[in-house]
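Here are a few notes to read alongside the model, written for someone opening it for the first time. Have a look at the structure, then work through the points in order.

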Amino acid sequence: MTTRRRPQIASRKQPQQARSTELVAAILEAATQVLAQEGATRFTTARVAEKAGVSVGSIYQYFPNKASILFRLQVDEWMQTTRMLRNILEDASAPYPERLRTLVHAFLRSECEEAEIRGALNDAAPLYRNSPEAHQARAEGDRMADAFMMEALPKASAATRELAGDLIFTTLSTVGSSFSQTRRTKAEIEAYANAMADMFCAYLQKLGQD
């Protein structure tokens with residue numbers, strides 16, 4: 001039985017000059033549009049080249065195949081999510097319930113605004129779910145969640161904090177993915193986020209009193 005080779009997902013090279021940086025940005029913007037319109041199964045390098053108005057050869061200078069383009073889009077999404085988490089959860093000027101509420105609202109808005117892209121990237125997840133970048137993103141997310149739970153529940157046991165953190169962030173991720181599968185209005189997102197934030201804050205308040 002022949003073992004199927006996994007496609008190369010790393011970029012060939014990084015742009016060094018302004019012109020090449022602009023070219024890569026145009027390729028990634030076109031890739032985002034193609035992915036949202038066509039999905040992962042119909043996503044091709046040729047479609048990206050056509051949308052970007054460049055030759056396929058220009059794309060191959062930086063990305064060896066469509067898998068490497070999808071991987072770059074996913075890494076960029078991970079970085080964006082990590083920045084959002086850090087900016088909200090590590091904002092010491094706001095009390096933890098306010099930060100949690102802000103996070104729920106920001107996360108649900110993001111999930112709904114980028115539902116097509118996130119869904120398509122999930123379809124391609126087997127290509128990169130075990131990559132070093134994926135492990136790094138998960139580890140950084142876990143670190144920030146742990147630090148936040150330590151601040152929210154300073155007197156609770158480690159087991160209680162771990163359970164609470166897992167419940168809150170897993171629920172947020174799972175519900176966000178499900179909720180965003182249907183097109184939502186701003187009012188619907190606001191109402192849903194308020195209800196979820198109320199639930200999480202009440203849960204943490206109860207744990208802090210035990």
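1. One definition to start with: a residue is buried when its relative accessible area is under 20%, exposed when that area is over 50%, and partly exposed in between. R101, with 27% relative accessibility, therefore counts as partly exposed. Keep in mind throughout that this is a predicted model.

2. R101 has a partner, D198, and the two form a salt bridge whose closest N and O atoms are 2.7 Å apart. Take a look at where they sit: D198 belongs to helix α9 (residues 186-209) and R101 to helix α5, so this pair links distant parts of the chain, 97 residues apart. D198 is partly exposed too, at 42% relative accessibility.

3. Next, see how α5 sits against another helix. The axes of α5 (residues 96-113) and α8 (residues 158-179) come within 9 Å and cross at roughly 30 degrees. Angles under 35 degrees count as roughly parallel, so that is the word for α5 and α8. Their crossing is right-handed.

4. Which residues make that contact? From α5 come L100, L103, V104, F107, L108, E111 and C112, and they meet I168, F169, L172, S173, G176, S177 and F179 of α8. Sorted by type, the residues of this contact are 10 nonpolar, three polar and one charged.

5. Back to charges: side chains of opposite charge can pair when their charged atoms come close. Searching the whole structure turns up eight salt bridges. One of them joins the side chains of E151 and R99, at 2.5 Å from N to O. Since E151 lies in helix α7 and R99 in helix α5, the pair ties together parts 52 residues apart in sequence.

Definitions and conventions: Residues are numbered from 1 along each chain as its sequence is written. This is a predicted model: local features need pLDDT of at least 70, side-chain atom pairs count only at pLDDT 80 or more; totals for chains, interfaces and linings use all residues. Side-chain values use heavy atoms; hydrogens and water are left out. Axes are lines fitted to C-alpha atoms, for helices over the stretch in contact, and angles run from 0 to 180 degrees between N-to-C directions. Helices (H or I, at least four residues) and strands (E, at least two) are DSSP runs, numbered from the N terminus. Angles under 35 degrees count as roughly parallel, over 145 as roughly antiparallel, 65 to 115 as roughly perpendicular and the rest as oblique. A crossing is left-handed if the near helix is turned anticlockwise from the far one by less than a right angle, and right-handed if clockwise. Contact means heavy atoms within 4.5 Å. Ala, Val, Leu, Ile, Met, Phe, Trp, Tyr, Cys and Pro count as nonpolar, Asp, Glu, Lys and Arg as charged, and the others, Gly among them, as polar. A salt bridge is a side-chain nitrogen of Lys or Arg within 4 Å of a carboxyl oxygen of Asp or Glu. Buried means under 20% relative accessible area, exposed over 50%, partly exposed in between (1.4 Å probe, protein chains only).
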